[in-house]
Amino acid sequence: MQGTVIRNTGSSYVVRMDGGEVMECRVKGNFRLRGIRSTNPVAVGDRVTVEERTGGVAYITDIGDRRNYIIRKASNLSKQSHILAANVDLALLFVTVARPVTTTTFVDRFLASAEAYRVPVVLVFNKMDELSASEREEAEGLMALYRAVGYECLPLSAVTGEGLEVLAGRMRGAVCLLAGHSGVGKSTLLNRLIPGANARTAAVSAAHGTGMHTTTFSELYDLPGGGSVIDIPGIKGFGTFDMEPGEVAHYFRDIFHLSAGCRFHNCTHTHEPGCAVLEALEGHRLAPTRYASYLSMLEDKDETKYRQPF
Ligand SMILES: Nc1nc2c(ncn2[C@@H]2O[C@H](COP(=O)(O)OP(=O)(O)OP(=O)(O)O)[C@@H](O)[C@H]2O)c(=O)[nH]1
Ligand SMILES: [Mg+2]
Ligand SMILES: [Zn+2]
């Protein structure tokens with residue numbers, strides 16, 4: 001029997017069979033997915049084969065080829081990966097300039113990883129309603145920056161509904177992943193789009209301006225107008241997984257574009273003479289934050305060491 005994984009509860013998976021039946025399934029202890037060491041061998045969105053064994057226990061025995069997926073390092077020093085979701089048409093990366101702060105390093109790491117695994121991303125600037133004038137300016141500056149790099153950016157207030165129609169139109173018919181830090185409003189958007197979803201939400205900490213890690217399991221919900229939404233727990237950091245230093249520049253659209261003008265074809269854009277990327281940086285044609293993110297990934301630095309420079 002074939003189905004789609006719609007929920008990951010940690011110890012088991014909920015699968016919606018193609019016939020419509022929903023089943024709770026387990027994964028065999030020794031199940032390993034084609035050599036990828038992952039904390040979750042099966043991810044929400046995966047197409048799976050399910051076999052029912054004696055005693056009524058259902059097991060996932062195979063995973064279909066993934067069209068794409070979003071993967072990150074499970075934790076900072078870990079060699080294991082964590083797959084956020086598989087087979088997504090669109091990732092909505094929630095960005096909030098305040099309460100909580102989303103750093104450009106986080107955004108750029110996510111974008112590079114999505115680029116590597118061919119997942120289209122739309123940047124959703126949420127909580128527009130509660131921004132001060134200067135915070136709003138900052139959000140608008142970031143939208144201009146990322147649009148110039150080639151990404152679609154949409155302002156949103158999941159609470160007042162500002163920007164909701166445009167976003168909903170963009171999501172129609174697609175399998176959409178909601179990603180971002182804890183507290184950015186992923187589940188709030190979900191509830192807005194699907195009133196019956198009743199996903200738990202919680203205010204960010206007044207003292208620290210950080211989220212409360214309210215959503216603890218990933219889950220796929222169907223959209224009333226077609227398509228679906230995958231709500232996942234907030235992500236703290238985005239360690240990129242399995243990327244060679246020479247590859248990193250390929251996943252930064254702006255840097256990759258500029259690198260065509262570098263004197264050396266194997267330029268690392270760090271110190272070489274005739275480097276078009278460094279020239280653009282000096283000439284203010286490349287955002288310093290993008291370059292800082294590139295360096296952080298080259299050296300695989302802990303992103304928390306980087307502060308938003310403006
Ligand atoms: N003012 C304002 N508050 C919002 C908006 N979107 C969400 N919030 C609030 O932000 C808080 C966190 O929202 P959640 O939806 O729980 O955030 P989340 O991204 O799902 O967080 P995790 O599940 O922890 O990853 C809640 O108090 C929401 O009401 C918005 O657009 N404007
Ligand atoms: Mg949530
Ligand atoms: Zn260069």
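Predicted model: local features only at pLDDT ≥ 70, side-chain atom pairs only at ≥ 80, totals over all residues.
With 13 C-beta neighbours inside 10 Å, His213 counts as partly exposed; a residue is buried if 20 or more other C-beta atoms, placed from the backbone, lie within 10 Å of its own, exposed if 12 or fewer, and partly exposed in between. His213 sits in the loop between α4 (186-193) and β12 (218-222), where helices (H or I, at least four residues) and strands (E, at least two) are DSSP runs numbered from the N terminus. Although His213 is not a glycine, it has a positive phi of about 50 degrees. Most residues other than glycine have a negative phi, and most peptide bonds are trans.

Residues are numbered from 1 along each chain as its sequence is written, and chains are lettered from A and ligands numbered from 1 in the order in which they are written.

Now let us visit another loop, the one between β8 (90-95) and α1, which holds Pro100 as well as Arg99. The peptide bond from Arg99 to Pro100 is cis, with omega near 0 degrees. Arg99 also has a positive phi, near 50 degrees, without being a glycine. Its 19 C-beta neighbours inside 10 Å make Arg99 partly exposed.

Stepping back, the protein chain has eight helices and 13 strands. Of the 310 residues, 39% count as buried.

The chain is divided into domain 1 (2-63), domain 2 (69-231) and domain 3 (245-305), with bounds that come from an automatic or database domain assignment. The centres of domain 1 and domain 2, taken over C-alpha atoms, are separated by 26 Å. Their contact takes 15 residues from domain 1 and 17 residues from domain 2; two residues are in contact if their C-beta atoms, placed from the backbone, lie within 7 Å. Strand β1 (residues 2-8) supplies the largest share of the domain 1 side, three residues.

Thr61 is partly exposed, with 15 other C-beta atoms within 10 Å. Leaving aside neighbours within four places in sequence, Thr61 is in contact with Thr49 and Glu51.

What about the interior? The largest nonpolar core has 78 residues, of which Ala85, Leu93, Leu177 and Leu178 touch the most other members; such a core is a set of buried Ala, Val, Leu, Ile, Met, Phe, Trp, Tyr and Cys residues joined through C-beta atoms within 7 Å. Helix α1 (residues 104-116) gives the most to this core, with six residues. Beyond residues up to four places away in sequence, Leu177 touches Ile70, Leu84, Ala85, Val88, Ala91, Leu92, Ile230 and Ile232.

Further along, Ile255 is found in helix α6 (residues 253-259). Ile255 counts as buried, with 23 C-beta neighbours inside 10 Å.

We finish at ligand 1, which is surrounded by 25 residues, the closest being Ser182, Gly185, Thr201, Thr215 and Gly234; a residue is near a molecule if its C-beta atom, placed from the backbone, lies within 6 Å of it.
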